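Look over the chain below before reading on.

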Amino acid sequence: MQSTFFKYAHYISLSLLISLAMTPLAYADVTEVLASVDKNPAMVDEGIVLEVTANDSVDSDRFDPSALLKDFVVGRTSVSTQTQIVNFDMTRTTKWTTQLIPRQPGRFQIPAFEIDGVRSQPITLMVLPASAATRGQARDIYIETKADLEQVYLQQQIHYSVKLYLARDLQRGSLAAPKLQGADIRQIGKDKEYNEIANGQRYRVIERRFAIIPQTSGTFTIEGPLFDGEVIERNSQSFGFFNQTKTISRVGPSIDIEVLPIPAAYPYHWLPSEYVEVHEEWQGTNNEYRVGEPITRTVTLTALGVVEEQLPAMETQYPAGIKTYPDQANSTTVEKDDTLVAQRVESVAIIPAHTGELTLPEIRVPWFNIVTRQTEFATLPSKTIQVLPAAPGTTGLAPPPQAITPVPLASDEESQTEDQVQVVEKDVPQWWSVSSTVLLVLWLLTLLLWWWQSRTKVSANHTVPDTDGEQATWQALLQAIKAADGQQTLQLLPRWLDRLTGHSANLVQHRHRLNNQELDEAVEQLLASRYAQTGASWSSEQLKAILTAIRKEHKTRRQRPGTGLVSLQIT
């Protein structure tokens with residue numbers, strides 16, 4: 001019995017110790033804090049592992065590495081907690097591990113770190129330049145950086161290249177981009193990989209190129225990119241799949257640059273480049289320009305060494321004798337021969353209204369030549385065209401969709417022969433008088449019914465009319481807008497407005513009645529899309545939002561006491 005009792009007591013005590021070990025203490029009792037580095041001296045561009053250990057379990061945020069940012073690049077910090085039980089004696093430790101990379105050679109001091117009132121000893125660290133390491137033997141891993149210019153103008157492109165030299169087997173790795181305060185930094189092209197022999201050592205080289213466009217003038221430093229990776233650590237005790245890996249960090253050398261400001265009193269849009277060009281294309285003309293026939297003119301602005309956001313809008317003044325439907329401008333930035341190429345494309349549909357000579361003025365785009373350091377102009381010469389009369393059998397542009405109205409039969413048969421017309425004229429009076437009488441009676445009945453319904457609505461405290469017809473037309477209109485079908489949208493829009501407002505009118509009349517500037521602009525874009533180079537120059541989502549707001553406002557006004565359909569009419 002006693003042996004069994006002591007056996008269970010031993011298990012219970014061990015369980016209690018394990019549970020205590022797994023439970024954080026409310027109050028840590030730290031008596032010692034140690035700090036150490038894995039190498040001293042160290043190279044200027046290689047990573048140094050800093051470990052700070054406290055002899056108790058404490059919160060992970062007790063370690064603050066911000067004091068190191070002045071002299072080092074501080075990487076990610078990891079925290080681990082360890083508990084040991086030896087002969088019922090439990091000990092705990094908390095360890096912080098972080099990567100430090102010095103950016104310049106010299107003698108530095110890693111300050112003391114305080115954890116719960118206990119401080120570590122400071123560490124004096126010697127950092128050697130990279131040249132000192134390459135005198136005796138080649139380095140296994142290092143980075144080289146290069147910039148084509150050290151003095152540039154504001155927003156001028158800098159060609160920046162990075163070469164990562166590897167003489168070890170790389171398990172994994174990541175190379176960050178360089179850093180420059182307030183600059184636009186973009187990678188150009190894909191990485192290049194090749195072999196190279198340097199200092200008697202064969203290296204695997206990974207080259208990456210960047211375009212750096214500074215956005216602030218002054219003196220700056222391009223901080224070299226940071227490389228983090230794992231290399232295979234081969235030794236006599238490892239083989240096959242059990243090779244161990246070692247974490248490494250390297251940083252590229254920094255480069256100082258000077259960014260010159262925009263010249264004083266510069267009067268134009270700032271566009272620094274080595275080459276700027278403007279050219280045009282004409283479509284749908286066949287070298288003939290006629291009244292009422294749309295001509296699509298596409299003007300393209302191309303600039304090297306800039307991004308699309310830097311390109312200005314091309315100011316074009318067209319004479320009063322033409323109607324223009326400009327398309328939405330498109331801008332893009334591409335890469336060619338390690339250089340950024342920005343383009344802005346502006347298209348406009350030109351519709352001559354009169355015959356005779358039509359002169360389009362020249363287009364001038366000012367830009368600053370970074371080679372000659374002078375202002376130059378990319379010019380598109382003026383163009384004079386001869387506008388011919390409209391082609392026989394045409395009347396120019398088709399008018400907006402209108403409501404279908406009855407037309408006398410004779411007007412549709414103008415192309416018939418004289419004998420056929422005479423027969424029609426004989427037959428028309430026989431049925432026309434009867435049909436006219438029937439239509440007149442039906443029209444009078446319709447007016448009477450409409451007047452009676454209007455009186456009923458007013459006397460019935462303005463009850464909401466049936467909106468099934470409006471709902472169905474609205475859904476059809478939404479489908480046309482969603483499909484970006486401009487022609488179908490133009491046909492359904494006046495129909496839906498008829499049912500929404502209770503007034504039969506064409507699109508022009510509805511727009512005048514509603515007096516909504518946003519709707520006018522959206523409809524103008526929709527009409528312009530019929531003559532632009534592409535059919536995607538109008539925003540279907542914008543038109544949908546505008547029409548939805550009009551519909552909501554109309555229904556809200558109609559439900560208010562004392563308001564009716566006429567509340568939508570703004571004069």
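**From surface to salt bridges**

The accessible surface of the protein chain is about 34300 Å², and carbon and sulfur atoms hold 51% of it. Areas come from the Shrake-Rupley method with a 1.4 Å probe; for residues, only the protein chains shown count as cover. This is a predicted model: local features need pLDDT of at least 70, side-chain atom pairs count only at pLDDT 80 or more, and totals for chains, interfaces and linings use all residues. Residues are numbered from 1 along each chain as its sequence is written, and side-chain values use heavy atoms, without hydrogens and water.

Of the 571 residues in the protein chain, 35% are buried. Buried means under 20% relative accessible area, exposed over 50%, and partly exposed in between (1.4 Å probe, protein chains only). Take the contacts (heavy atoms within 4.5 Å) with a separation of 6 or more: residues 24 or more positions apart account for 69% of them.

The chain has nine helices and 30 strands. These are DSSP runs numbered from the N terminus: helices are H or I with at least four residues, strands E with at least two. Strands pair if DSSP finds at least two bridges between them. β6 and β9 (residues 123–128) run antiparallel, joined by five bridges. Q109 has T124 in β9 as its bridge partner.

Now a helix. T473 sits in α5 (residues 468–482). T473 is buried, at 10% relative accessibility. Beyond its neighbours within four places in sequence, T473 contacts L492, R495, W496 and R499.

Side chains of opposite charge can pair when their charged atoms come close. The structure holds 16 salt bridges, each a side-chain nitrogen of Lys or Arg within 4 Å of a carboxyl oxygen of Asp or Glu. E46 pairs with R250, with the closest N and O atoms 3.8 Å apart. E46 lies in the loop between β2 and β3 (48–54), R250 in strand β18 (residues 244–251), 204 residues apart. E46 is buried at 11%, and R250 is buried at 11%.

R209 pairs with D338, closest N and O atoms 2.2 Å apart. R209 is in strand β15 and D338 in the loop between β25 (330–336) and β26 (339–352), so the pair ties together parts 129 residues apart in sequence. R209 is buried at 13%; D338 is partly exposed at 31%.
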